[in-house]
Amino acid sequence: MDSNTRQLIQQLIEDKVVAGISYAYVAKNCNELYYEGVQGVIDPFNRIPLTPAMQYDLASVSKVVGTTNRILQLIEEGKLSLETKVQTLLPRFRSDVITIRNLLFHNAGLPADLADKDSLTADNITDRVYGAELVSKPGEVICYSDLGYILLGFIIEAVDGCTLEESFRKNIFDPIGMNNTSFFPRSKENCVPTEVTEQRGCIQGETHDRKGFYLKQAGSAGIFSTLSDLVLFVRSLLFDERSILKKETIDYLFEVGDDERTLGWRTDIGEKTLYHTGFTGTSILIDFKHGDALIMLANRVHPNRDNQEFIDRRKIIDRTFIENHTR
């Protein structure tokens, strides 16, 4: 990893923007994994160093690690197409024009999130997702939507005839050796804590996202993973190692994409890059032009979510990482 990028990451800890961060540089002939700082701010987490065994709540990075990949696999297998109408697979869905492509591109017209989340329960969340009103005409406006990815999760379960955990493990995690990636972490103690809330106390080993928490297995969030597992994931996409997607599928992501996003991923960090972040402080940046990647796992919402400084600094880190290729 270039010294400028690494210095900026280390500065996050020195300036107490986060208590600790696990991060990795991935290139063809090397993996550099770093575990710096402690798990959290409050006791006892401020006394526990980060280790390779620690699992992080990936939040929305789950969308690309799990859901996007499985949908693209199903398209490769001929079980779906980008133009498949959502309603043909989910009869409860109200629109008869919205397609798989719309959900992947976040331009289905769905709202970003559910309103009045304080009233959500495990019993009503599915009805609330299906009942969400469109806020724009399908295909016209990009609105990053958790609801679209929850629906993609429902579609995967309908087509595969099993839970998301079973589908992802069989088709993504096990084939590339991601043995510590799951909706259900093996132990609470091995999980880096996230937010401390009045309702749930200190959240550790449970999905931080409320919708994912109630659904248990959601297409939008809730996967836990380790830094080393995500290195395997990135290497599969970047170097075709124990590949989970065909090379032509990955190439197609750049053909069909624009300057902002493609199927599931953002593309606005640099030429031929795929990028995604998670609310908890996670991110994956893959640079296909230069053949390397940056993975960062932090718990920026610990002890509370009011940490805009981490988001601002992460943007600088990402840009620095890309810019150092051109110097």
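Predicted model: local features only at pLDDT ≥ 70, side-chain atom pairs only at ≥ 80, totals over all residues.
Strand 8 and strand 9 pair with each other in the antiparallel sense, and six bridges join them. Strands of a sheet pair through backbone hydrogen bonds, and the pairing may be parallel or antiparallel. Here five strands form an open sheet in the order 2-1-9-8-7, with antiparallel pairing. Strand 2 (30-37) and strand 7 (273-278) stand at the edges with a single partner strand each, so one side of each is left without a neighbour in the sheet. From one strand to the next, the twist averages 5°.

Helix 9 (residues 227-239) packs on this sheet, where it touches strand 1 (20-27), strand 2, strand 8 and strand 9 (292-298), and its direction makes about 25° with that of strand 1.

On its other pairing, strand 8 (residues 282-287) joins strand 7, again in the antiparallel sense and over six bridges.

| Hairpin | Residues between the strands | Glycine with positive phi |
|---|---|---|
| Strand 7 and strand 8 | three residues | G281, about 120° |
| Strand 8 and strand 9 | four residues | G291, near 75° |

Individual residues show how the strands line up: G278 has T282 as its bridge partner in strand 8, while H276 stands opposite I284. T282 also stands opposite L297 in strand 9.

Is strand 8 enclosed or open to the outside? Six of the six residues of strand 8 are buried, so this strand is largely enclosed by the rest of the structure. T282, I284 and I286 point one way from the strand, whereas S283, L285 and D287 point the other way, and all are buried.

Elsewhere in the model, helix 2 and helix 7 (residues 164-173) have axes that come within 10 Å and cross at roughly 75°, which makes helix 2 roughly perpendicular to helix 7. At this crossing, V65, G66, T67, N69, R70 and Q73 of helix 2 meet S167, F168, N171, I172 and F173 of helix 7. Sorted by class, the residues of this contact are four nonpolar, six polar and one charged.

T67, which lies in helix 2 (residues 62-76), deserves a separate look. T67 has a relative accessible area of 0%, and it is therefore buried. Leaving aside residues up to four places away in sequence, T67 touches S62, Y149, L152, G153, I156, F168 and G219.

Terms used:
Residues numbered from 1 in each chain as written. Heavy atoms only, no water. Helix = DSSP H or I, 4+ residues; strand = E, 2+ residues; numbered from the N terminus. Buried < 20%, exposed > 50% of the residue type's maximum accessible area, 1.4 Å probe, protein only. Contact = heavy atoms within 4.5 Å. Axes fitted to C-alpha atoms, helices over the stretch in contact; angles between N-to-C directions. Parallel < 35°, antiparallel > 145°, perpendicular 65-115°, else oblique. Nonpolar A, V, L, I, M, F, W, Y, C, P; charged D, E, K, R; others polar. Pairing = 2+ DSSP bridges.
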